[in-house]
Amino acid sequence: MARSGVRLLAPPFRRTLFVRLAAALLFACASPAAAQVDFSGQWAPVYHEDNAERIPGPELADYTGLPLNDAARLQADSWDADRISVVSSYQCRPHSSDYGMRGLGNLRVWTELDEKQQLVAFRTYMPAWGSERTIWMDGRAHPPEHAEHTFQGFSTGVWEGNMLTITTTHQKTNYYRRNGVPASDRRTVVEHWTRHGEFLTVITVVTDPVFLTEPLVRSQNWFNDVGQALPAFTCEYATEVPGAQKVPNHLPGANPYLTEFADWYGLELAATRGGAETMYPEYRLKMGAPHSKPPDRCQRYCACSGGFFCDVNPPRPAR
Amino acid sequence: MSARGRLVVAAAWLCAASSLLAQGPPGAPPGPPRPPRAVAPVDLTGYWVSVIAEDWRWRMVTPLKGDSASIPVTPEARKVIDAWDPAKDEAAGVQCKAYGAAGLLRLPGRVHITWQDDTTLKLETDAGTQTRLFRFGATPPPGEKPSWQGHSVANWERPPQTPGAPPTLPIFATRIGTRGRALEVTTTHLRPGYLRKNGIPYGEKVSLTEYFDYYKEPNGDEWFTVTTIVRDPQYLIGPFITSSDFKKEPDGSKWRPTPCTAF
């Protein structure tokens, strides 16, 4: 009686099988790992920071926490959300790869391997605007500056221990916040991906010589969600404001809504205008009084903590 | 065993040995285990400042009463949130409730990290003048009383492994994730406190897991980001996950210790 399946094989084939098995084992050991960490899988975003900004959307003129310069403020102050309805190129405008990691970020990651099972690239898909992205891991160089710019840009990655560090250039203009705060096409984005068990943290460091006075550093989190399936995305252009003849905007000094945010949340107006100085702890020492008397309690987006079910004005507690 | 069988077994063991060796520090000489300070894969010591690019209006100012945005709180927590009264907290001598370990690193301020000894990393904050001790290889002693900073157990992050998985021989596979650089800290024995200054509560059963990741930017700036996972069966419907970013400073010239305040 044969003691194993191998005994059932004829001797010449058995000898070949043993040699091949040993060779395969040695090859597997001799080959460097295809990746230091495998980020492949389905990742669900965690919105436990800035939820009200990232899901229902930011308040007008909320520039807090952004190291903006005056040019960025001027452009952001001119923003009118009707622009999305009237200007067709804004209707289906995708998130760029850096904002996409901050915004509506359900994420799928997979690997591209060559015939030697070596990692060539990570690829990502986000259903928001059907964004697909490639992060090249094969050592290729970035294209010259005059090459095409896209919403996802051109990304290359290197390992620093278990951390994947990605550099992205060649993105189109986009935004740092969905209330008109602009991001230029000259920005460079460095990302650091780290995986801790079932959690993924992506740190984004944006350097933008056009609109930022210092790098903007933020970090986002996901959890591994094996039951997640991502849909395709469709977006159709439509005339939403018949007869519109101009691009909705506010001319400099003519935007009447720039103080609403400070008033709703009891903030100093200067702080809501952003700027690097406002992002450091010592700014609290020089922060002035609220722009107007603060409400007794929170009245807008007070309990947003999940998906889209976020009331602007939640019911008041019984008194 | 035949010669061919021995060949396969030898190849398998070679594979296993190389995989295991890859998990130790590069170039580590044989001998007794070296202390955590000596094998630190990154240097987290120094003065660091929190740069508030996220949650600005919940961190740089005390948020309005009732504002629990972004935090997955339970209905029971909602009652505590609606009853928040900072004057009462001051009067009761619990003005440090927002400075406990679960909320401390979300406050604007500076941290100073040093090695207290070869197995203990000390993290001090100027906001609230608090001290946390990250003890490598330590477990909380029986009967340890809860405190604002609790008991923290640290380790340099280990390679990933499926929980509960049986040991396997790495045939036809190598191990990845063996070059960890993060500091992993687990904290328990915390006194109930606040996740934010406006009274978003955590209870006595709270536990905290943190991962400190160090990185350096092309302009030379050094940073760490701490990913914080708070679990509280009483006041949170699930884990509360944030990541806070700190930039290294050249010295302690901006270090400004201040006492806790409930307002």
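## The barrel of chain B

In chain B, nine strands form a closed barrel in the order E1-E2-E3-E4-E5-E6-E9-E10-E11, with mixed pairing, where two strands count as paired if DSSP finds at least two bridges between them. From one strand to the next, the twist averages 30 degrees, an angle that runs from 0 to 180 degrees between the N-to-C directions of axes, which are lines fitted to C-alpha atoms. Strands E4 (residues 130-136) and E5 (residues 151-156) of chain B run parallel and are joined by three bridges, and B:Phe136 stands opposite B:Ala154 in E5(B).

## Basis and confidence of the model

This is a predicted model, in which local features need pLDDT of at least 70 and side-chain atom pairs count only at pLDDT 80 or more, while totals for chains, interfaces and linings use all residues. Residues are numbered from 1 along each chain as its sequence is written, and chains are lettered from A and ligands numbered from 1 in the order in which they are written.

The mean pLDDT of chain A is 89, and 86% of its residues reach 70 or more; pLDDT is the predictor's confidence in each residue, from 0 to 100. Over residues 1-9 of chain A, however, the pLDDT is below 50, and this stretch has five contacts in the model beyond near neighbours in sequence, a contact being two residues whose C-beta atoms, placed from the backbone, lie within 7 Å. Where pLDDT is low, the predicted coordinates should not be read in detail.

Chain A has nine helices and 11 strands, which are DSSP runs numbered from the N terminus (helices H or I, at least four residues; strands E, at least two). Of its 319 residues, 38% count as buried, meaning that 20 or more other C-beta atoms, placed from the backbone, lie within 10 Å of the residue's own.

The largest nonpolar core holds 113 residues, of which A:Val181, B:Ala102, B:Leu195, B:Phe224 and B:Val230 touch the most other members; such a core is a set of buried Ala, Val, Leu, Ile, Met, Phe, Trp, Tyr and Cys residues joined through C-beta atoms within 7 Å. Strand E10 (residues 199-207) of chain A gives the most to this core, with six residues. Leaving aside neighbours within four places in sequence, B:Leu195 is in contact with residues including B:Ile71, B:Ala102 and B:Val230.

## Where the chains meet

The contact takes 61 residues from chain B and 61 residues from chain A. On the side of chain B that touches chain A, the largest share, eight residues, comes from H1(B).

How values were computed: Buried ≥ 20, exposed ≤ 12 C-beta atoms within 10 Å, placed from the backbone.
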